[in-house]
Amino acid sequence: MNEILDKLNPAQKEAVTCTEGPLLIVAGAGSGKTTVLVNRIAYIIDRGLAAPYQILALTFTNKAAREMKERITALLPGFSGDMWIGTFHSICVKILRRHIDLLGYSNDFVIYDTIDSRAVMKECIRELDLDDKQFTPRGVLSVISGAKNNSMDADTFETIYKNDFRMSVIAQLYKLYQQKLKKSSAVDFDDLLINTVKLLSLNPDLLERYQNRFRYILVDEYQDTNNIQYLLISLLAGGHHNICVVGDDDQSIYKFRGANVGNILSFESDYEDAKRVTLDQNYRSTQTILDAANAVISHNGSRMEKKLWTSNGGGSKLHAFTARDEYEEARFIARTIKKQHDEGGARFGDFAVLYRTNAQSRVLEEIFMREAVPYRVLAGLRFYDRKEIKDIVAYLRLLSNTSDDTSLRRIINEPKRKIGAATVDKLTAASIADDCSVYDIIKNADAYADELKSSAGRLKEFYALIESLRKLVDTIPLTQLITRVINDTGYLAMLEAEDTQESLTRQENINEFINVAAEFEKNPEYNGRLSEFLEGVSLISDIDSYDEDEDAVVMMTIHSAKGLEFPTVFLTGLEEGLFPGMKSITSEDDIEEERRLCYVAITRAKKDLYLTKARSRTVFGKTVPARASRFFEEIPKEYTEDLSAPASLAKSFVRSAGKSMSDYFSGGDAQSDPLDFNKGDIVEHRKFGRGTVVSVKQFGKDAILEINFESIGYKQLMAAFAKLKKL
DNA sequence: AGCTAAAATGTTTTT
DNA sequence: CATTTTAGCT
């Protein structure tokens, strides 16, 4: 143990050994925060201050939790299994699975993700016969989520806003929404936290049990906690105050999700005897990168005092590039990476491309594919959010919990069983009238012969199908169950019959899902309960599957990149209106949040940081001019070298020498030359898949290609627009 | 009921 | 522009 302490700097050592009472660790980016947390836990165990099961560590991502567990295992083999290390949400599930019946829910509850919640809210809006232009599921849910984060239940919400017409309507929706969730034995993400707090507040004996159990509580990314998470922590730490929180107010980037920076700013007044340790020595980046980060963040007001420094040395300057448009920007990035890979011996995995919005990944992907640079996109559409996966999961949920109306509604006619909207409406009406689940109505379809006469037979078939699968739930392994589901329901047959590029991809995704289930089954901690598997599915995000050993450039949003580091980072789209985003430009508070996001992005880089922007960008299909982001301007020019050819020089270069810097990055690739296609070429189209060029007709500078596609047969395409890949 | 075609609509960011 | 929702037709 002592030799481990020797590797820490004085501030880190203090943070590790100061075990008793409230402790605030202000940890700047790259200052060894996880190292401190892990060593602190090891220190507590080593000193015999607590047994492993008395440790509770809360994180925001599964990835952070997993990393913590792995690093603890490296220090203390075999101990991490007993510790409660997990995300706020997963720890809450763990508690609720045991006791949520005290709140009137079934302990087999399901967790609804954003998509499910929206489906429920859509039903609510329809049921109350509201104008769906004025009340969108998304908008209403965001108001409700805000209310939940301030511990406001539907009744309180109604009372508070009784003089506000719009809010009163939302109060009714809030009530109905909660009613529907409860009826389905379902909870949404916010409910996981709220219900845990409610449970512990209403049951003092239970609270005392958990307070006594968790002798030491650690919270990661404390600046991102919301009010409910704050309450939960206060409850659990209420007895002993052995609460250690780690965070960086400069990296608070989740205000839109209810995060309250005030939590970290007022920690010392919340806990009178709190100690504070500041970690500002950075072990990740070069001094130049830190100088740039410091320069940007210093434009924010009301920050906790700290300034990152390092002994790593200055390193190279930041690299700036201004492109004509987003395509040239992408080309610059792809070719710069390719060059460093081919000539500089860099790994593709050393590079990360970061952007503000997921939409920006499309152009990047297109260019990377064309330039043959291996890449991996994280997030965007979550794997588990794909239609086919949600469908299979809906079947499984229904098998596990027949009162889950939302899942039933999702799959009752998927594949088509001739049970359409009209029938589902009748079923829903009956279930409301009789206060039971839709599945119960189907089960007793005979009793509703008048309303359901035409579809009674099909409903019976559906009931028999689900019942036959339900018998298997506890008797066969997970992977076999899923296989039975896709076979017996006809889901697989439907995809096979479709026989398109898209349906093939869906089949592959389902196979991948079965692989995930197989992995899950192998985990010794898995207790064989279907609901546990389903809960894993709900709480996992794509960033959790990021594999740093894979040799591919990784692309993701800045939000997803928090907590990660890369030798070389490309920070893209540094334009007003994009980063900072259009919606934040009018509010100083929002601009500060965007600036923190920029700070997070800059501090991901270890050695090299590229800052790229475009002079014009396509937004909603229209090309609009863009000017440099204020954040870009906030970085002193002496830290950067400009790689873009000055616009005025570019022309003369082309005229005289033929090739300029920006020319090199903007054109000249064979794929975009329409003349390059010949009869007999095998090509691949993004939508239509593989095909053979049958004829080429010149059409001005462009050409019309006739192609025989394997999937859809003959089709004519303009060569310049078809985005074809030659094979 | 289900298909196709036209229209509308949306871009932050995510556990 | 790209996806999702709706209208109109079979």
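Over the ring of which residue does the charged end of arginine 97 sit? In this predicted model, in which local features need pLDDT of at least 70, side-chain atom pairs count only at pLDDT 80 or more, and totals for chains, interfaces and linings use all residues, side-chain values rest on heavy atoms, with hydrogens and water left out. Residues are numbered from 1 along each chain as its sequence is written, while chains are lettered from A and ligands numbered from 1 in the order in which they are written. The charged end of arginine 97 is placed over the ring of phenylalanine 109, at 4.1 Å from the ring centre, where a charge is said to sit over a ring if NZ of Lys or CZ of Arg is within 6 Å of the ring centre and within 35 degrees of the ring normal. Lysine 182 likewise lies over the face of tyrosine 105, at 5.0 Å from the centre of that ring.

Rings also pair with one another. A pair of aromatic rings is described by the distance of the centres and the angle of the planes. Rings of Phe, Tyr and Trp (its six-membered ring) are taken to pair if their centres lie within 6.5 Å, and the planes count as stacked when under 30 degrees apart, as edge-to-face when over 60 and as tilted for the rest; by this rule there are 19 aromatic pairs. One of them is the tilted pair of phenylalanine 157 and tyrosine 161, with 4.8 Å from centre to centre and 55 degrees between the planes. Phenylalanine 157 is buried at a relative accessible area of 2%, whereas tyrosine 161 counts as partly exposed at 26%, given that buried means under 20% relative accessible area, exposed over 50% and partly exposed in between (1.4 Å probe, protein chains only).

Another pair is formed by phenylalanine 351 and phenylalanine 570, whose ring centres are 6.4 Å apart and whose planes stand at 35 degrees, so this pair is tilted. The pair links distant parts of the chain, since phenylalanine 351 belongs to strand E10 (residues 351–355) and phenylalanine 570 to strand E13 (residues 566–571), 219 residues apart; helices (H or I, at least four residues) and strands (E, at least two) are DSSP runs numbered from the N terminus. Phenylalanine 351 counts as buried at 1% relative accessibility, and phenylalanine 570 is buried at 0%. Both rings belong to a cluster in which ring pairs link Phe321, Phe332, Phe351, Phe570 and Tyr610.

For "binding site", an unreviewed UniProt entry lists Ala27, Gly28, Ala29, Gly30, Ser31, Gly32, Lys33 and Thr34; the UniProt positions are given in the numbering used here, feature names are shortened, and annotations may be inferred rather than shown by experiment. Alanine 29 is located in the loop between strand E1 (23–27) and H3, and it counts as buried at 3% relative accessibility. Beyond residues up to four places away in sequence, alanine 29 touches Asp248, Gln251, Asn282, Arg284, Leu308, Tyr599, Thr603 and Arg604, contact being defined as heavy atoms within 4.5 Å. Threonine 34 is found in helix H3 and, with neighbours within four places in sequence left aside, is in contact with Glu67 and Arg71.

Helix H4 (residues 62–75) has 14 residues and reaches 20 Å from its first C-alpha to its last, close to the 20 Å expected at 1.5 Å a residue, the expected span being 1.5 Å times one less than the number of residues. The buried residues of H4 are Lys63, Ala65, Met68 and Ile72, and what covers them includes helix H3 (33–46), strand E2 (55–59) and strand E3 (84–87).

Aspartate 224, in the loop between strand E6 (216–219) and helix H12 (227–236), counts as buried at 4% relative accessibility. The side chain of aspartate 224 makes a polar contact of 2.3 Å with the side chain of lysine 562, where a polar contact is a pair of N or O atoms within 3.5 Å and, within protein, one must be able to donate a hydrogen and the other to accept it, residues adjacent in sequence counting only if both atoms are side-chain atoms.

Some backbone features complete the description. A cis peptide bond joins glutamate 414 and proline 415, with omega about 0 degrees. Lysine 418, which is not a glycine, has a positive phi of about 60 degrees and counts as exposed at 66% relative accessibility.
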